[in-house]
Every structure is written in C-alpha cells, then in structure tokens.
Amino acid sequence: MVQGCEKPQFDPLMRRAPRVSYRVGDITSTLKEAGTLALLSFGAGSQTVNDPRVLQVALECFDAPAALEIWHVDAPVNCGTEGALRWSAGGGWLFAAIELDEREHGGPEGAASSAYAQLRQFIHQRNEQHVLRIWNYLDAINQGAGDAERYKQFCDGRAAGMGAFFAEGFPAASAIGHHGPAHRLQVYLLACDQPGARVENPRQVSAWRYPRQYGRTPPSFARAMSLPAQDVLAISGTAAVVGHASAHNDDLDAQLDETLLNLEALLASADMPAGFDTHSPLKAYVRHAIDAPRVRDFFRRRLPGVPVLLLHGDICRRELLAEIDGWRYA
C-alpha cells in the first residue's frame, strides 16, 4: 500500500480531477451544462429525474433548500443503464451507481455482495478500471449485536462481492446509515482510466488491519486517495478514531476536534498544505438531528468559508456522533 504521495505535480498527461461543487438549483437545467458527469440530490423531497447521471441519495439535508452535489469534467459525457446499474462517463472518468432492495437478496450481506459483484463485472468491461472513491448508504446501520450488526454484515457481503478486484489496494470510501426507505442499499463510485495513490493516516490503524472485535471482515477502504494528477485528495469518511479505537465516546465537541486532527493528519500524509478552503467541499454526517446546529457552528468557527453539506446520517460505530468526508483540491 502507498503511504502518502508526492507533492502535487500537474502532469498534463494525467487526468485532471472532476470539479465537485454544491449548488442550490434546478436538476433539469443543471444536467444541460457541458461536462455534467453526475448529480446527487439529497432527501425524500428532492426532485426526481429519469437520467442515469442523477442519484437521489437517501440522506436528509439539514439545510433548506438542500444543495445539489455536481461533478463536472472537461469532456463530453455519455450515460446509460445496465440492469440495476446506472453510469456516465467522459474524459477518462466514470460514475456508476446501484440501488438494491435488501429483501430481494436475503438481507444486507447478500445485497452488498450483489451490488459489488455487479459493479465489479461492469467495470471489468470498461477502460475506467481504477476505482478511486466509493460511497455506501444503508439504513439501520447499527442494528444488531456482535457479528449480527448490519454494518458488519454489509462488510462481509462487500468483501464477497468485490472478490480479488481490489487485491492491489482499496479505494477511499464512506459507509453511512440513512433514515430513508427501509432495506434500500445505495452504492456509487468514481473510477478513472488512470490510477491514484492511496493515503493512510499515521494516527490510525489502516481499516483493513482492524482487529477481530470489529467483525469477521475488517472494513475495506483507504483513508484517502490522491487522484491521478495529484490535484485532489478524495477523503474517506473520517471520525474520532485514534489507533483503531473510538475516542471521546458520546462527546460531540471533542469528537469534532479529534476528527479535524485526523483530517489534518491526512493532508500532511498526502504532502498537502494544512487547512481547507472555499474550493474544497466537505460532507458532515450527523447522527442526532438536535446536534446539527452545533456541528454547523463548529464549521463556521474552525473551517470558515468551506462548503459543507450537513446530512442526517448514522456513523458505523454507535458511539460516534459525526463523520466528515469530502474533497481537498490542491
């Protein structure tokens, strides 16, 4: 596995990263913009559009109206569907998404296995075979005890579905519990026809090396991924974990401070300058709706001007109250 990466060097032959932005607007008109690779809307009230590039994410946004997350590339985009899978591609970049009903696959383990197997088989047919970033959303993520917890079952199924596809290293990833329709699993990803560089956090045990207490199958993700031109760091879901243990159980303010330390450690490990700016959009997942104003205030104080989507989502460990992921542009 690659620990960190070199300082950003913009090789003109390397794929420049998609531009990710948050904007309140109309989905139909946004899709008409040149180079729109993907458009993510949030919550049950978001506009429904029949376009493979659009995914209605089952996470409610604490801000109204909810912003759209838009991915743009500097190339024409084509798109389509293949069974339950939707996709779009342009300029060497690929967006792919799949939604499954767990009840049709025997539960979270079977649904995760099927989703990842279908994504793997689809990507094998493509030129964009380097999966750099994945998002996973399932409901009731903490339900169940021990190995029967739904998140742990998801991890078992994910590993079965991906097989040896990530034998050379895992992509960056997030796994969050949504409060939308029961039994819905959503997985979407960003892939490229050029590889990125995996980045780990020296303050944390690599997720795939977690001890047995976290389940039969350890989580399968890198802490971050430097995209091919090293112009963006795609940051995995990051919370108050030090070593492999959760820190500051049930203390929101302390967890947010610890999470920011982990984010800064990732930037340092990637040889990037400290801090985030107005061009580096983040998502903050908040377990309890009552905590949303405190999380919003944290960003205003500690990361002023940084674009943030504040979303209602459960973290993969019961004691963790918030998690942050996103993009850090060089």
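**Aromatic rings and their partners**

The charged end of Arg 126 is placed over the ring of Trp 87, at 4.8 Å from the ring centre; a charge counts as sitting over a ring if NZ of Lys or CZ of Arg is within 6 Å of the ring centre and within 35 degrees of the ring normal. This is a predicted model, in which local features need pLDDT of at least 70 and side-chain atom pairs count only at pLDDT 80 or more, while totals for chains, interfaces and linings use all residues. Residues are numbered from 1 along each chain as its sequence is written, and side-chain values use heavy atoms, with hydrogens and water left out.

Searching the whole structure gives 16 aromatic pairs, where rings of Phe, Tyr and Trp (its six-membered ring) pair if their centres lie within 6.5 Å, and planes under 30 degrees apart count as stacked, over 60 as edge-to-face and the rest as tilted. One of the pairs, Trp 135 with Tyr 188, is stacked, with 4.7 Å centre to centre and 10° between the planes. Trp 135 belongs to strand E8 (residues 130-139) and Tyr 188 to strand E10 (residues 184-192), so this pair ties together parts 53 residues apart in sequence; strands (E, at least two residues) are DSSP runs, numbered from the N terminus. Trp 135 and Tyr 188 are both buried, that is, under 20% relative accessible area with a 1.4 Å probe, protein chains only.

Tyr 137 and Tyr 285 form a tilted pair, 6.3 Å centre to centre with 55° between the planes. Since Tyr 137 lies in strand E8 and Tyr 285 in strand E16 (residues 282-286), the pair ties together parts 148 residues apart in sequence. Tyr 137 is buried at 0% relative accessibility, and Tyr 285 is buried with a relative accessible area of 0%. Ring pairs link Trp 135, Tyr 188, Tyr 137 and Tyr 285 with Trp 71, Phe 95 and Trp 327 into a cluster.

Key: Helices (H or I, at least four residues) and strands (E, at least two) are DSSP runs, numbered from the N terminus. Buried means under 20% relative accessible area, exposed over 50%, partly exposed in between (1.4 Å probe, protein chains only).
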